[in-house]
Amino acid sequence: MPLSWNEIRANAIAFSKEWATESSEDAEAKTFWDEFFRVFGVPRRRVAVYEKLVAKAEGKAGFIDLFWPKVMIAEHKSKGKNLDRAFTQAIDYFPGLEPADYPQYVVVSDFARIRLTNLETDEELEFPLQDLHKNVHAFGFIAGYQSRNFKEQDPVNIRAAQRLAELHDALAEVGYETHELEVYLVRLLFSLFADDTGIFMPRGVFEDFIGSRTSEDGSDLAAKLAELFYNLNRSPEKRLKNLDEQIAAFPYINGKLFEEVLPPASFDRAMRDKLLACCDLDWGAISPAIFGSLFQGIMDKKMRRNLGAHYTSESNILKVIGPLFMDDLKAEFERVKTQSSKLKAFHEKLASLNFFDPACGCGNFLVISYREIRLLELEVIKKLYAKDMQQLSMDVVDQYVKVNVDQFHGIEIEEWPAQIARVAMWLIDHQMNILVGQVFGQALVRIPLVKSANIVHGNALHLDWNSVLPATNCHYLFGNPPFLGKKEQSKEQKADFESVMSHIKGSGVLDFVSAWYVKAVQYATPSTECAFVSTNSITQGEQVGVLWSWLLSKGVHIRFAHRTFRWSNEAKGVAAVHCVIIGFALRAPTSRVIYDYVDVSGNPHAIHATNISPYLIDGANILLTNRREHIGGAPKVSYGSFALDDGCYTLDEEAVSDILAESPEANKYIRPFIGGKELIKKIERYCLWLKDAAPKDISKLSAIRKRVEKVKEWREKSDRETTRKLASTPALFAEIRQPAGPYLAFPTVSSERRHYIPIAMVDQNTIASNQIYVVPNATLYDMGILMSGMHMAWVRSVCGRMKSDYRYSSSIVYNNFPWADLSDVEVKRAEKLRLAIEIATHAVLDARSAFPDLSLSDLYDPLAMPSALVKAHQVLDRAVDAVYAEQGGKKTWSSDAERVAFLFDLYQKQVNLLPAGVPRKKPKTVETMIEA
C-alpha cells in the first residue's frame with residue numbers, strides 16, 4: 001500500500017529540516033535522493049539507478065545522476081547552481097535512451113530548490129526545499145498515486161488496445177480461443193491496470209515478475225501466469241506456506257475475476273515480448289470510460305480497423321445522464337449542503353440508488369455514471385467531514401465511502417463486452433478510490449473485491465429484466481440500444497424484435513430500438529426514470545404513429561428530449577449517426593425541457609416546454625397518420641412514373657446516341673427524364689416514352705423493338721407475380737403518373753443542410769420518375785407555400801430521415817400539412833395575401849433564372865446561396881407567414897418550434913372539419929405562368 005499523505009507530509013518536513021544546510025553535490029547527492037525516495041515510502045534501489053551510462057546527442061558518453069525507466073530522470077547540482085542548465089543536461093540524455101524507457105518527469109535540484117517538470121503536460125513546478133511538504137502531491141507518482149484528466153480518445157487508450165489486440169491474435173493463432181481467450185485477456189488487462197495504480201504494490205511488480213521470473217523464450221510464461229492467477233483468487237491464509245515470495249507479495253483479489261480454472265495457454269519468445277510491450281504503457285492512464293469499446297474491437301478484426309470509432313463519447317453520455325439524474329442530484333446537494341442532517345440523508349440516498357443499462361455493451365454509460373455519482377459523493381464527504389479528514393484511518397475512510405459498484409446493473413448480449421464491463425467498473429472504482437485517497441491522505445484500495453457490478457450476459461429482448469434488477473428497486477433505466485432499421489436487422493434480430501413487438505399493430509416499420517422502449521414500459525414502475533439514445537426515426541415519419549400510440553396509451557410522459565443531433569466521438573473515420581435522446585417516465589413530470597440544435601454537430605440550447613410531444617416539440621400529443629388524401633384543400637401529390645424496365649427505357653446520352661444511330665425515327669419517343677438527382681444537380685437523362693407510340697413503330701424501329709423485347713423477357717422471369725403480369729404490356733412503364741400539363745417537381749430525399757427543399761416548375765414533356773414527387777395543376781400560391789419556411793419547419797419536425805436527410809412522405813408530411821386556407825378571410829384581404837405569395841414566388845423563380853448555369857443543388861447550398869435568392873425567399877416567408885397569421889398564428893416567429901406547435905394546433909382544427917367558408921377564386925396556375 002502507498003503511504004498515507006499524512007505520513008508523506010510528515011516525512012517531507014523531517015527531510016527538509018535534515019537537508020536544509022547541505023550544499024555539496026559530490027559529497028551527498030546520492031544520499032539526498034535515497035532519503036528523498038524514503039519520504040514516499042519507496043526504496044530507491046527498487047526502482048531507480050545512479051550514474052546510468054548513455055550516449056548523449058553529440059555522441060559523447062554521459063552519466064545520468066538518477067534514472068527510473070519510464071518514470072523519472074533526476075539531475076543534481078551543488079547549491080546555487082543554475083537549474084535551467086541542469087534541466088537541459090537531463091534532456092540531452094534522451095537520445096541515448098530506448099524510446100520505451102523515456103521518462104515522464106524530470107526533477108532537478110541544488111538541495112535548496114527542487115523543480116519538477118511533467119514532459120507529458122509541460123507543467124512545471126519549482127519551490128524551496130522547506131516547502132516540499134506543501135507540494136508532495138506533485139510527486140504522488142513515486143508513492144503510487146496517480147492523478148490524470150482523461151481525454152476522449154486519448155492515444156494511450158488506442159495504443160493499449162492495439163497492443164492487446166496483437167497479443168490476442170498471437171494466442172488465437174496457437175489455438176487458444178473463444179471464451180477461454182476472452183477471460184484470459186480480461187485477467188491480463190486487470191493485472192496491467194493493477195500494476196500501475198497501486199492495487200499491486202510496489203508499482204511494476206507484475207512487469208518485474210514477467211521480466212525476471214520467466215524465461216526469455218516464453219516457454220514457462222503460461223505456467224507462471226497460471227500460478228499467479230490461481231493465487232490471486234486465494235486469501236493469504238489459504239496460500240501455500242512455501243509459495244514463491246514474489247507471488248506471495250501479490251494481494252488477494254477475489255471478485256470471481258480469477259475464479260474460473262482455465263486450460264493452460266502457451267507462449268513463445270515473440271508472445272512474451274508482446275506482453276512486455278503491453279507492460280510498457282501506463283495502464284493507470286487508461287480511461288475505463290473509453291477503453292471498454294476499444295477492447296471490444298480486439299475480438300472483431302473488422303471493428304479493429306478503426307479502433308476508436310466504436311466507443312460512446314463522454315460528452316454524449318453526459319447528455320443522457322445529466323438531465324436524467326445528475327442535474328437533479330447536484331441541485332439537491334446544493335440545497336442541503338449546509339444542513340448536516342439533510343446532507344447525511346442525501347448521502348444515504350446516493351448509496352441506495354440503482355442504475356440499469358439493458359444494452360450496456362462494454363459499460364460506458366455505467367462507468368461514467370458511477371464516476372459522476374462518486375464525484376458527487378466525494379463533495380458530500382468533504383462537506384460532512386472536512387474538519388477531521390486528515391486524521392481518519394483507512395478503515396474509517398472506507399466506511400464513509402458508501403457508493404459502490406453493486407448499485408449498477410446491465411445486460412449485454414455478447415460475452416466479451418460483458419466481461420469488459422465488469423472489469424471497467426472495478427477499474428473506475430479504483431481510480432475514484434485513488435482520488436479519495438488524495439483528498440483524505442489515506443490510500444483506499446477495495447481489495448479483495450467483495451462487490452461487483454451486476455452485468456448479465458444475455459439477450460435483453462428475451463430476459464425478464466426483473467431477474468436482473470427488480471423494477472421496484474430500479475431508479476434509473478438508461479442506455480444506448482442498437483441502432484438498426486428494419487432492413488439492417490438479421491433474421492435472429494427480427495425474431496427477437498417480433499417476440500417483443502408482435503402485439504403492436506404495424507410494428508414491422510419500426511427501428512430495432514423501439515423494442516427497448518416497449519420492454520422499458522412493461523418493466524418500469526411510476527418511480528422509474530428512463531432515457532434512451534435512439535435513432536431519430538422513431539420521432540419522425542410513419543414510425544411515430546405506430547410506436548407512440550402504444551406508448552402514450554400506457555401512460556408514458558416525455559420529461560426531456562434532445563432533438564436530432566450527430567452522435568459521434570471525434571474519432572477519425574467515424575460514421576456518425578443522427579440521434580435523439582428521450583427521457584420518459586410513467587408519470588407526469590413537474591418540468592419538461594427540449595434541447596434543440598441549430599447545428600446537428602454543435603451544442604444544444606434548452607427550451608422549457610409545457611408538454612413534449614412524440615415529435616419532440618412543445619405541443620399536444622397529436623399523432624399523424626398515413627393519409628391518401630390531403631386534410632384540406634391542397635392539390636394532390638404523387639410519385640412520378642415507375643419504369644420497372646431493367647434499365648432498358650432509362651437512358652444516358654450514350655444510349656440515346658446508340659438508339660438514334662440504329663433507328664433515327666425513334667427520336668420522337670425519346671423524352672427528358674428526371675429523378676431527384678437529375679432535378680437537383682441538373683443532370684441530363686432520358687427515357688423511351690412509348691405510352692402513345694404507334695404499334696407499327698414499336699415493331700418497325702429495331703432499336704425500340706429490341707428494348708421492348710428485353711423488357712418483356714425480363715418481366716416474365718420475375719419472381720413477383722405483379723411484374724410477370726406487366727409483361728403483357730412491355731412497352732409501357734409499370735406505373736404511369738405523368739401529368740398532362742406542367743407540374744411542380746421536388747425530390748423524395750433532400751439534404752438536411754438546405755434551408756429549403758428545391759422545387760421546380762417542369763414542362764409536361766419531361767417525364768418524371770418515381771424518385772420525385774409531382775404536383776399537377778399547382779398554382780404559384782401552392783408553390784409558394786411548399787417553398788416556405790413554414791412548410792420547412794413542418795418537414796424538419798415530422799419528415800422521416802435517410803441518415804439526416806429529409807425523406808419526404810406524401811402520406812405523412814404532405815397530406816397532413818395544414819394548408820394555408822384563406823376561405824374564412826375577407827375576399828379583398830384574401831386576394832391581397834394570395835397575390836403577395838404569387839409575386840414572391842415569381843421573384844424566387846426570377847432570382848434563380850439569373851444563374852442559368854447553376855443547378856438547384858448549387859443555388860440552395862447554404863454556404864453559396866446567392867444573396868438575391870436568399871432575399872427572395874425571405875420575402876416569400878413573410879408573405880406566407882402573413883397568411884398563417886390570419887389563421888391564429890403570429891406575424892413573426894422566433895423559432896421553428898413555435899411554428900410547428902402552431903401548425904399542430906391548426907392541423908387539429910382542420911382534422912375536426914371546421915366549416916369550409918367562402919369559396920376561393922381560381923388562382924393563376926403554373927401552366928399559365930410558363931405560357932406567359
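Start with helix α11, residues 269-280: its twelve residues reach 17 Å from the first C-alpha to the last, close to the 16 Å expected at 1.5 Å a residue. That expected span is 1.5 Å times one less than the number of residues. Helices (H or I, at least four residues) and strands (E, at least two) are DSSP runs, numbered from the N terminus.

This is a predicted model, where local features need pLDDT of at least 70 and side-chain atom pairs count only at pLDDT 80 or more, while totals for chains, interfaces and linings use all residues. Residues are numbered from 1 along each chain as its sequence is written, and side-chain values use heavy atoms, leaving out hydrogens and water.

Which residues of α11 are buried? They are M271, R272, L275, L276, C278 and C279, with buried meaning under 20% relative accessible area (1.4 Å probe, protein chains only). They sit on the same side of α11 because they cover an arc of only 150 degrees around the axis, taken from the directions from the helix axis to the C-beta atoms.

Helix α28, residues 789-798, is mostly covered, with nine of its ten residues buried. Among them are H791 and W794.

Now the sheet. Six strands form an open sheet with mixed pairing, in the order β1-β2-β3-β4-β5-β6; two strands pair if DSSP finds at least two bridges between them. The edge strands, β1 (49-55) and β6 (123-128), each pair on one side only. β5 (residues 113-118) and β6 run antiparallel, joined by six bridges. I114 has F127 in β6 as its bridge partner.

Technical notes: Buried < 20%, exposed > 50% of the residue type's maximum accessible area, 1.4 Å probe, protein only.
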